[in-house]
Amino acid sequence: MSIGFLSTRALNDYGRHRKKCLEPRSILGFCSLHSEIRINKNAVNFVEYNINAGQKWFTLTAEDGNIFTFPLKTTLPKVQLARFVPRKQLPRDVEEDRRRRLYATINLEEELNKVGLGSKDLHPTEVEFYDLDKVEVIHHFPLSFFDNFEYDVHSPEAWLSLGMIGDNQYPLPGKAYLPSKGNPKAYDWQYVAVYSYESATHRWHVIALQSDCEYDVPKCQLMFLAENPAIFAKRLVDAITDRDRGEAVYDLLTMVDSAVHLAVQEETLRFPQKFNKLLLSRHHGRRAYYGLINMEVKQLFEYVMTALEFGNFLNSKPKDFLQYDKNLVKVALPSHHVSMHSIEEYLNMKALNINIKQLRYSVLKTMLTYIPASVEATEGAVVECEFINTMSVFVTHYARPITLHDFLMSQHKNSNNVAIYLKEKWPYRISAILVMIFRANGKGSMDVTLRRWDIFELLKIFKYLIQTKLRMQDTIQSLLERSIIKFTELLVSPCLQFKGMSPDYEWPPNDFINTPFPYEKPVFYVTIGVSRETAKVFYSTLPEEFQPSIMDIFKVALNKTNAIHMVDPDTMRHLHFAPNLYILTVELIEDLYIKCNAQMDEAYGLAIIPLIAYSKLFERFIEFCCLDVGKYMKAYQEADKTSITVKADILEHKRQKEEIRRILPAFITIGPFYINVEQLKTFMVNKHIEIVRKIFEFYVHRMFVINEELQERCRSTFEKIAERPRSIEHLLEIRDFGENIPTVVEGLRSDIQIMWLEYDMLDGFFYCLSDTQFAIKWDTFAWPHKILQRLGYLREEQKLDLEEFKRVHSSECILLEERLESLNDEIQQFSLQFDPNKAVESTVEVKKIWKTISDLEKMGDTLKFRQKLFELEDLSLEFLESIINSFIPYRDLWFGTTDFLKLEEATVGNPLSQVELDEVWKTLEQIRHSLKKSYKIFNEKPELQQVALFYLDKIKEFKPVYDCISWLKNENWLLLHWLELSQLTGVDIKYNPNLNFQTCIRKGILEVLDVVKSISDRAQVDAEELRRQQEEEERLKEEARLAIEMRKALRKCRRDIM
């Protein structure tokens, strides 16, 4: 017994004191004032009146204008009268109508004021009670805790039946104590429509007509219009009276509890000494139990004494504590009562004349648990066996679907743990309990230290161990049966819907979302996908793997529980037992295993059929999933499709993407399989998005290239007319080009308009161009206007440029005349240069002058052409032509001398192997011809003729050198000829590829030219003789070959004839 128990009981006792309410039979003492009138029904004609439905209803209008309609009978009070009304008594319907009218005239608020009930007495409501932290109230408890349901004139079902019209349930009218217009702090009585009743919470569901809000209120806050307001007010008064008494008891018990709690903390509990002696005598030797019971009795005694002292204190000052009754303490404290049932049972047992002591001894003599030690040991063994019953060989509860691999791993792990505990810990723990208890018990029938088998088999310990073995077998059988049944239920229940399925089952076409085989808790998690290597639909776990894997784990897990040792060897340690003593395990559930194994085998043989059928729906996506985006885009770019085709392709990819999102689910359940489609769905959606993105990038890049080309055309056109003219020719060229500008701009505008229409395709998809692309687009659009604007300024600028070019042209003509005069003077100086040893210096001067003449000639041609462009008189270039004609002889003379010097130096200085004699001779003849021509031209200038003669003599002197080189370069001149030359002349010349004729000259080869010529001639003759011998030898070989072929042919002819 506890203090809290006393408080609750006291409240309940006060709650039972309820007064019964009796419904008055008559109202205001009505009595019969008129005599009864009897009418013969047969004398009255039968007339059928059509009563409208409106006569059976009445309405209440809410503040917002909503009209609530109620059946008329919901307002009729309950009247209990005899079936046959006595004379001078009102009929039932009249009594009901009069009571209804009377109740309608009574104001509920006025009735509550008459009995002294205010708004504060009705609080707290239950809503406020459960939220006391936010609401300030006077009372502790709501009225609904103390409501007396005996005041109800109808049961809740009867009340609701009043609103039944046919098959429709209509609301009941009433008044309820509710928040005013939704304000939770202000309550008043409002008209409501009552719709239903919740029996579990005893609440009525109502809708307030004032605020149109819904509430759940207890009956003490609700009065039906068919109830008597005066009786309802009395009901509230009784509930308030009971609540006041309950709150007084609650306050009393709270104060007593506080005083007892303080005494316990300060250790000042009062306790008579005789109670202490009585407890010690009954519980001697059990100090722990004595301490607990002693503390509880002390607290109870202190509680009772404190309550009595507080009651005496209240009775001594009744005027100061008017709210407390003088019998409050007696009612609050628990009272002692005698159980008549126990007394009756005792008398019945005594009448049987049974010797309880003798019966007890005989029972103990035959039973195994005849001593406390055996009972305690049995309790320990039972506890261990009950713990085994909490285990399971299989994991049968998963928070979410898992893969087959995880499923097998969890089953293996769990079965290993259970098997280890069953084989190693469980028998050891039971035997340890038995040994510990029975060894402490000592010798006797439960002696565990026996050493003789014949005695062991006669004592109770033998049967006790058999009982323990059977208990263990029963436990393991229960464990295995429960595990098998739950495991089978886990795996087979989802597959029951596949029973009778045909192997050629086909999934409903194009239905990826709706599954014909739903299951609330699927077991296996699989992911569907498409393999790019094999181009096939696959599951993350092959469907064919489920059946053998489940069969294998089912068998292996059960086999792990086999070979559990008996407790006999570990308990009777001084006796010798066979090493293979095991309890029965899997043998006990063989039939159940075969049955469940066949069920799972059949179930998962059928379960993979719809799984494979569902995968066939995804074959339509194989081609797209295996598509190489890079190759696809490369081919797409090479196709160079039009914008309309590109737009159609983008729309098609978007349509397919949305179709995939619409028709493919994230997950689908097929019996025990929870299939993840989200990964494949996301992959295909992202692939469509990537393709669309790459098509956009390709299209934007193509537009960028087109814009670059258009801008380059516009830029080149603009630069041609915006460039400052460098000359009159350039100016006229720009002018001619400007005349064609309108045509060019029109063509550019057409191309830009086409480009603009191409960009409309991107705008149709709300594609956001980069800043660079956007700027290029609008820059291209603005170029034609810039070109035309520049063309407008061009004509005025060219007028000014034309005048400037005329001025410059005049100055250039003057400059040309001055430079021609100067050039003529320089040419006259060449008649004074006739030193043949200074040919190189003179040639350099000639080249400079000739370069100047060429420049002036070009300048003259340009100025002459510009004269025509400026529409001026032709420019005369006769003076320039005379200068050129007079300078050409000088140029030919000095160029010929220099060319000879260079030819001589190259012929003598270069290696002999690199000297081309034909080129040397050809060049030498040209130089000789040029010098002879110069000699004839300068017949009036003998000094210059001497220069020509000087170099003609040089050419004659060079002739032996040329001949010697030609002899040495004879193709028949060999190394032995060089040796022969050295032997005959004493000229030591060693041939090497870099040998030049200058070296030969230094060695003195010019002095032995006749020897060189003779050696060269002889080499030529020897070579021709050798060549002739080789030809003769080849001729003889050919004749021999022909003779052999002729003999073979003759021999073959003879064989053919034979």
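Rings of Phe, Tyr and Trp (its six-membered ring) pair if their centres lie within 6.5 Å, and planes under 30 degrees apart count as stacked, over 60 as edge-to-face and the rest as tilted. A search of the whole structure on this basis finds 36 aromatic pairs.

The model is predicted: local features need pLDDT of at least 70 and side-chain atom pairs count only at pLDDT 80 or more, whereas totals for chains, interfaces and linings use all residues. Residues are numbered from 1 along each chain as its sequence is written, and side-chain values use heavy atoms, with hydrogens and water left out.

**The whole chain**

Display the protein as a cartoon: the secondary structure comes to 32 helices and 13 strands. Helices (H or I, at least four residues) and strands (E, at least two) are DSSP runs, numbered from the N terminus. Of the 1058 residues, 38% count as buried (under 20% relative accessible area, with exposed over 50% and partly exposed in between; 1.4 Å probe, protein chains only). Among contacts (heavy atoms within 4.5 Å) between residues at least 6 apart in sequence, 73% join residues at least 24 apart.

**Strands β5 and β6**

Select Y177 and W189. Their rings form a tilted pair, 5.3 Å centre to centre with 45 degrees between the planes. Y177 belongs to strand β5 (residues 172-180) and W189 to strand β6 (residues 183-198), so the pair ties together parts that are twelve residues apart in sequence. Both Y177 and W189 are buried.

**F546 and F673**

Because F546 lies in helix α16 (residues 546-559) and F673 in strand β13 (residues 673-676), the pair ties together parts that are 127 residues apart in sequence. F546 counts as buried, at 0% relative accessibility, and F673 is buried with a relative accessible area of 0%.

**The neighbours of α16**

The axes of α13 and α16 come within 10 Å and cross at roughly 5 degrees. Axes are lines fitted to C-alpha atoms, for helices over the stretch in contact, and angles run from 0 to 180 degrees between N-to-C directions. Angles under 35 degrees count as roughly parallel, over 145 as roughly antiparallel, 65 to 115 as roughly perpendicular and the rest as oblique; α13 and α16 are therefore roughly parallel to each other. L404, L408, Q411, H412 and S415 of α13 make the contact with F546, S549, I553, V556 and A557 of α16.

Now show helix α15 (residues 460-492), which packs with α16 at an angle of about 170 degrees, the axes being 12 Å apart. These two helices are therefore roughly antiparallel to each other. On the α15 side the contact is made by L480, I484, F487 and L491, and on the α16 side by I550, I553, F554 and L558.

**Charges over rings**

Select K175 and Y191: the charged end of K175 sits over the ring of Y191, 5.0 Å from its centre. A charge sits over a ring if NZ of Lys or CZ of Arg is within 6 Å of the ring centre and within 35 degrees of the ring normal. Then go to K687, which lies over the face of F624 at 5.5 Å from the ring centre.

**Helix α6**

Finish at G246, in helix α6 (residues 229-266). G246 counts as buried, at 0% relative accessibility. C-alpha to C-alpha, G246 and F141 are 8.8 Å apart in space and 105 residues apart in sequence.
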